[in-house]
Amino acid sequence: MTVFLGLGIAGIVLLALSLIFDGILEGLFGGVLDGLFDGLLSLPVIAGFLSMFGFGGAIMLGATGLGAGAATGVGVAAGVVTGWFAWKFSRALMRDQTDATPRGTDLVGTAGSVVTAIPADGYGEVLLRLGGQPVKLAAKSAVPVARGAEIWVEASLSSTSVAVRPVER
């Protein structure tokens, strides 16, 4: 039983270390095994297998007393199931993608309002929505635009300024 408990504890320690060192086993052989196991040799999978093999075997040995052979069989089965779940869960997490980061060119065609009046020969400020968030940017226009007027973005001049035109109704 001590061996099984030791393997279970070693699996827990390996799982804790996998938070820091995950990816080492995939790159250990210089890419020779690249894609061959598709994440099956990752530290979380091995740690899950090892800990459930140890704890499953210890539970079987302590609860039934059938012997080390039966405990090893149950431990291997529990370890394989846990390793498979760890592999599937890590693959699901890796596929979880976020939306693309909004860019200045995404503002072209956006409606907004003037916060600080825009003179014909200088910059004012406009309030726009980018990715659902309000963004205040410097704005330039060919014609003067009064504060509170509705505008359309014609071009993105830089990451902090846009060219606008007033909306005519």
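Me: What makes R165 and E154 a salt bridge?

Reply: Keep in mind that this is a predicted model. The closest N and O atoms of R165 and E154 are 3.8 Å apart. The cut-off is within 4 Å, so the pair qualifies as a salt bridge.

Me: Which parts does the R165 and E154 pair tie together?

Reply: R165 belongs to strand β5 and E154 to strand β4, so the pair ties together parts that are 11 residues apart in sequence.

Me: Why is R165 called partly exposed?

Reply: Its relative accessibility is 40%. Buried needs under 20% and exposed over 50%, so R165 falls in between and counts as partly exposed. E154, with a relative accessible area of 44%, is partly exposed too.

Me: How many salt bridges does a search of the whole structure find?

Reply: It finds 2. One of them joins E125 and K136, with the closest N and O atoms 3.7 Å apart. E125 sits in strand β2 and K136 in strand β3, so this pair ties together parts that are 11 residues apart in sequence.

Me: How do you know whether K136 is buried or exposed?

Reply: The relative accessible area of K136 is 52%. Exposed means over 50%, so K136 is exposed. E125, at 28% relative accessibility, counts as partly exposed.

Me: Which residues make up the largest nonpolar core?

Reply: This core has 12 residues, including L107, V126, L137, V153 and V162. Strands β2, β3, β4 and β5 each give two or more residues to this core. Apart from it lies another core, of 5 residues, among them F53 and M60.

Me: What is V162 in contact with, leaving aside its neighbours within four places in sequence?

Reply: The contacts of V162 include L107, V126, L128, L137 and V153. In soluble globular proteins, nonpolar side chains tend to be buried together.

Me: How do you know that the buried residues of α1 line one face of the helix?

Reply: The buried residues of α1 are F4, G8, G11 and S18. Seen down the axis of α1, they fall within an arc of 75°, so they line one face. What covers them includes α3 and α4. On the other side of α1, T2, V3, I9 and I20 are exposed.

Me: What span is expected for α1, and what does α1 reach?

Reply: Helix α1 has 20 residues and reaches 27 Å from its first C-alpha to its last. That is close to the 28 Å expected at 1.5 Å a residue.

Technical notes. Residues numbered from 1 in each chain as written. Predicted model: local features only at pLDDT ≥ 70, side-chain atom pairs only at ≥ 80, totals over all residues. Heavy atoms only, no water. Core = buried A, V, L, I, M, F, W, Y, C linked by side-chain atoms within 4.5 Å. Buried < 20%, exposed > 50% of the residue type's maximum accessible area, 1.4 Å probe, protein only. Helix = DSSP H or I, 4+ residues; strand = E, 2+ residues; numbered from the N terminus. Contact = heavy atoms within 4.5 Å. Salt bridge = Lys/Arg side-chain N within 4 Å of Asp/Glu carboxyl O. Expected span 1.5 Å × (residues − 1). Arc of directions from axis to C-beta.
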